[in-house]
Amino acid sequence: MRARANNFLKFTRRNSLTNMDAEMADVSGEMHMESDSVLFVNALPAPVRERVEGLKSLQSEHDKVKARFDAQVRELEKKFASEYQPFFQQRAQIVNGQEGIPDFWLLALRNHPYVGLNISEGDEVALKALREIRSAAGNGADFQLTFEFGPNDCFTNTSLTKTYHYKEDPVTGIASPAYAVGDKIQWKAGRDLTQLTAESKSKDKTTKEDMSVDSFFDFFSPPAAAGSAEETDDTDEWERDIDFEIGEAIRDDIIPRAVSWYTGEAAEDQGFETTDDEGDDDDEDDDDDDDDLDGCGCGHAH
């Protein structure tokens with residue numbers, strides 16, 4: 001499970017970060033090292049160091065106000081959530097009606113600049129069966145995403161949920177990512193989109209080996225919880241933050257404006273190209289891999 005989560009987050013990071021993002025991430029990683037920050041502050045002249053401590057106190061008071069603001073915004077969002085539901089229900093009726101709109105949620109997800117980059121060609125056969133995505137608020141900043149599926153060739157689940165849990169700073173009350181929990185996917189035999197069966201042949205025998213591959217469905221196997229025994233290093237915090245950003249993007253961007261993401265209008269509004277408009281270099285790079293797979297639609301050898 002952990003390997004799958006890492007695949008998903010590494011895939012996201014590799015595709016979504018620009019060179020500038022990567023540089024800022026490196027700087028951010030350095031600044032989060034307590035020894036570096038302590039050395040920096042201690043090296044300041046005493047008068048400057050005293051002023052910096054004063055600024056930190058002001059920052060702490062600001063954060064307390066921000067935490068109260070965030071809490072009131074969440075309550076306001078919960079209050080209006082019920083008023084959105086009739087629109088979402090009507091949308092679902094149109095999308096999933098007798099005529100319907102094929103591949104509506106697949107394209108809405110794929111056209112998002114970050115979420116879409118985690119969708120492989122093999123994932124599409126399952127995401128074509130995606131009928132609805134819903135979000136629901138929980139305690140504090142917690143929230144849950146629910147993905148409803150029709151029959152498909154890859155798994156038997158009719159719905160998959162992922163719940164995001166936050167922790168509050170004991171001093172300021174600011175909420176930050178704690179951990180997420182995803183449903184276990186009941187894969188049909190030989191249809192696991194997160195695994196690839198590779199065959200190697202010798203004179204005497206054929207050996208099969210399961211390998212983890214990048215898949216949108218790694219989304220349901222999130223990184224380890226902060227402070228848990230499974231957490232190994234600072235990378236886990238980075239991966240967890242990305243995982244939460246993707247969940248928040250689905251909740252805040254895609255669900256409310258699904259039709260705009262479906263058409264690509266939302267991506268254009270934000271200055272992004274839709275995935276269909278991108279270059280074909282990646283597709284060409286994948287040709288060799290595709291030659292090793294059969295045509296089952298899941299993109300995996302059997």
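Colleague: Is E53 buried, partly exposed or exposed?

Modeller: Keep in mind that this is a predicted model. E53 has a relative accessibility of 36%, so it counts as partly exposed.

Colleague: Which residue forms a salt bridge with K78, and how far apart are the closest N and O atoms?

Modeller: That's E75, at 3.6 Å. K78 and E75 are again three residues apart in helix α4, so read them as about one helical turn from each other. K78 has a relative accessible area of 30% and is therefore partly exposed, and E75 is partly exposed with 48%.

Colleague: How many salt bridges does the structure hold?

Modeller: There are 10. One to look at is E124 with R110, where the closest N and O atoms are 3.0 Å apart. This pair links distant parts of the chain: E124 sits in helix α6 (residues 124–127) and R110 in helix α5 (residues 104–110), 14 residues apart.

Colleague: Are E124 and R110 buried or exposed?

Modeller: Both E124 and R110 are buried.

Colleague: Let's turn to nonpolar residues. How many residues does the largest nonpolar core have?

Modeller: As a general idea, in soluble globular proteins nonpolar side chains tend to be buried together. Here the largest nonpolar core has 42 residues, and F147, F217 and I250 have the most contacts inside it. Helix α7 (residues 234–254) gives the most to this core, namely six residues.

Colleague: What is I250 in contact with, leaving aside neighbours within four places in sequence?

Modeller: You'll find V115, I133, L145, F147, F219, I255 and P256 around I250 once those sequence neighbours are set aside.

Colleague: Which residues form a nonpolar patch on the surface?

Modeller: L76, F80, Y84 and F87 do, and together they have about 430 Å² of accessible area. Take L76, which is found in helix α4 (residues 46–95). Its relative accessibility is 47%, so L76 counts as partly exposed.

Colleague: Now strands. How many bridges join β5 to β6, and which way do they run?

Modeller: Strand β5 (residues 195–201) is joined to β6 by seven bridges, and the two run antiparallel. They form a hairpin, with four residues between them.

Colleague: Where is P223 placed?

Modeller: P223 lies in the loop between β6 (206–212) and α7. Its relative accessibility is 8%, so P223 counts as buried.

Colleague: How far apart are P223 and R240 in sequence and in space?

Modeller: Along the sequence P223 and R240 are 17 residues apart, while their C-alpha atoms are 5.7 Å apart in space.

Notes: Residues are numbered from 1 along each chain as its sequence is written. This is a predicted model: local features need pLDDT of at least 70, side-chain atom pairs count only at pLDDT 80 or more; totals for chains, interfaces and linings use all residues. Side-chain values use heavy atoms; hydrogens and water are left out. A nonpolar core is a set of buried Ala, Val, Leu, Ile, Met, Phe, Trp, Tyr and Cys residues joined through side-chain atoms within 4.5 Å. Buried means under 20% relative accessible area, exposed over 50%, partly exposed in between (1.4 Å probe, protein chains only). Contact means heavy atoms within 4.5 Å. Patches are made of residues with over 30% relative accessible area and no salt bridge: like charges are joined within 9 Å, nonpolar side chains (Val, Leu, Ile, Met, Phe, Trp, Tyr) within 5 Å. Accessible areas come from the Shrake-Rupley method with a 1.4 Å probe; for residues, only the protein chains shown count as cover. A salt bridge is a side-chain nitrogen of Lys or Arg within 4 Å of a carboxyl oxygen of Asp or Glu. Two strands pair if DSSP finds at least two bridges between them.
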